[in-house]
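Let's take a walk through a protein model together, one spot at a time. Keep the picture handy and find each residue as we get to it.

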Amino acid sequence: MSTTNYPSASPQGAPPKRDSKNLIIGLLAVGILGTWGYFLWDKNKSDQKITQLQTQYVAVDSSKNELQKSFDAALTRLDSLTGYNNELEGKMNDKTSEISKLKGQIGSILKKQRLSEGEKKKAQALIGELNDKIANLEAEVARLTTENQQLTTDKTQLTADKEKLTTDLQTTTQQKEELATKVDIASTLNASNITVTPVNEKKNGKESETTSAKKVDKLVIAMDVANRIAQTGSTDVYVCITGPDGQPVAVEALGSGKFTTREEGEKLFTAKVPVDFEQGKNKHVEFAWKQNSPFKQGNYKIEVYHNGFKIGEATRSLKKGGIFG
């Protein structure tokens with residue numbers, strides 16, 4: 001066997017080299033595990049922050065939604081009022097102007113995507129003020145509605161009263177007219193003792209009655225009129241003379257004209273005779289008809305009218321006359 005002083009050719013450091021490698025691998029593993037642990041911890045923390053932020057956002061969004069709901073509810077109340085009755089608008093212009101201003105302020109705040117605490121508090125305060133004003137407006141509408149209903153009731157009653165008064169007035173007026181007609185008819189004068197006297201006027205101024213047509217200068221017509229209820233005062237009596245030829249004797253230049261009768265319509269009158277009548281007493285009336293043409297032979301019919309009614313008539317004949325006529 002050979003013996004030598006030199007070290008063996010086999011590697012003496014192999015075991016230490018394997019231990020160093022294992023150490024490095026272990027350190028790397030620990031580092032990797034630490035890194036992943038940090039990543040997991042950091043991710044978990046980030047998730048917690050995200051969840052917290054989401055919760056805060058939901059809370060903020062929910063708070064804004066509640067404000068929006070409160071605002072919308074106030075607007076619904078307002079719409080029900082403003083659309084209630086157009087007649088009330090004029091009485092509420094000041095109130096609705098203030099409400100419109102509040103609506104604009106609240107709407108401007110709620111348009112924002114995110115609201116600060118100060119903006120939320122301001123919006124809440126404005127919505128509260130809006131609700132107060134709407135409540136006052138509701139009370140005012142209720143009051144005015146009650147008043148309007150009362151006015152409607154009063155108007156209905158007044159209308160009914162007016163209709164009744166109108167009916168009563170019409171009835172009273174009709175009765176009054178009927179009574180006035182009866183009184184008017186009843187106050188028509190009565191004529192009696194109607195006489196027609198043909199008169200000849202002589203040159204010496206004396207007058208004499210004659211029946212000769214060619215000697216008659218005038219017809220003197222006389223009568224008595226009376227009525228128990230006719231009022232004292234002046235009234236007119238119309239005398240209508242019809243000549244022998246059947247034609248009315250009417251001379252416009254001597255005062256003749258037309259008048260309206262109750263039964264015959266319009267009629268020509270010869271003369272209108274004024275009568276000063278005294279209630280309850282007989283009145284003698286006399287007037288002379290002297291025409292501007294000769295009287296003719298034949299019968300002259302005399303009719304007397306008062307108040308549109310014929311109250312009497314008479315006939316007088318005029319003869320042709322002879323040598324001694």
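Is Ile229 buried or exposed, or something in between? With a relative accessibility of 40%, Ile229 counts as partly exposed, since buried means under 20% relative accessible area, exposed means over 50%, and partly exposed is what falls in between (1.4 Å probe, protein chains only). Before going on, a word on the ground rules: this is a predicted model, where local features need pLDDT of at least 70 and side-chain atom pairs count only at pLDDT 80 or more, while totals for chains, interfaces and linings use all residues. Residues are numbered from 1 along each chain as its sequence is written, and side-chain values use heavy atoms, with hydrogens and water left out.

Back to Ile229. You'll find Ile229 in the loop between β3 (218-226) and β4 (233-242). Those labels come from DSSP runs: helices are H or I with at least four residues, strands are E with at least two, and the numbering starts at the N terminus. Together with Leu179 and Val183, Ile229 makes a nonpolar surface patch of about 260 Å². To be in a patch, a residue needs over 30% relative accessible area and no salt bridge; nonpolar side chains (Val, Leu, Ile, Met, Phe, Trp, Tyr) are joined within 5 Å, and like charges within 9 Å. The areas themselves come from the Shrake-Rupley method with a 1.4 Å probe, and for residues only the protein chains shown count as cover.

Lys202, Lys206, Lys214 and Lys215 gather in a patch of positive charge on the surface. For this, Lys and Arg count as positive and Asp and Glu as negative, while His and the chain ends are not counted; the place of a charge is NZ of Lys, CZ of Arg, CG of Asp or CD of Glu. One of the four, Lys202, lies in the loop between β1 (190-201) and β2 (207-209) and is partly exposed, at 44%.

The structure holds 15 salt bridges, each one a side-chain nitrogen of Lys or Arg within 4 Å of a carboxyl oxygen of Asp or Glu. Take Asp184 and Arg262, whose closest N and O atoms are 2.3 Å apart. Asp184 sits in helix α3 (residues 117-186) and Arg262 in the loop between β6 (257-260) and β7 (266-269), so this pair ties together parts that are 78 residues apart in sequence. Both ends are partly exposed: Asp184 has 28% relative accessibility and Arg262 has 37%.

Next, find Lys310. Lys310 forms a salt bridge with Glu303, with 3.1 Å between the closest N and O atoms, and Glu313 forms one with Lys310, at 2.9 Å. While you're at Lys310, look across to Glu263: the two are 47 residues apart in sequence and 9.1 Å apart in space, C-alpha to C-alpha. Glu263 is in the loop between β6 and β7 and is exposed, with 71% relative accessibility.

Time for the rings. Rings of Phe, Tyr and Trp (its six-membered ring) pair if their centres lie within 6.5 Å; planes under 30 degrees apart count as stacked, over 60 as edge-to-face and the rest as tilted. By this rule there are five aromatic pairs. Tyr238 and Phe259 are stacked, 4.6 Å centre to centre with 5° between the planes. Their pair links distant parts of the chain, with Tyr238 in strand β4 and Phe259 in strand β6, 21 residues apart. Tyr238 and Phe259 are both buried. Phe295 and Tyr300, in turn, form an edge-to-face pair, at 5.9 Å and 65°. Phe295 is buried at 6%, and Tyr300 is buried at 4%. Ring pairs also link Tyr238, Phe259, Phe269 and Tyr305 into a cluster.

Last stop: the backbone. Asn193, in strand β1, has a phi near 55°, a positive value in a residue other than glycine. Asn307, in the loop between β10 (298-306) and β11 (309-318), also has a positive phi, near 60°.
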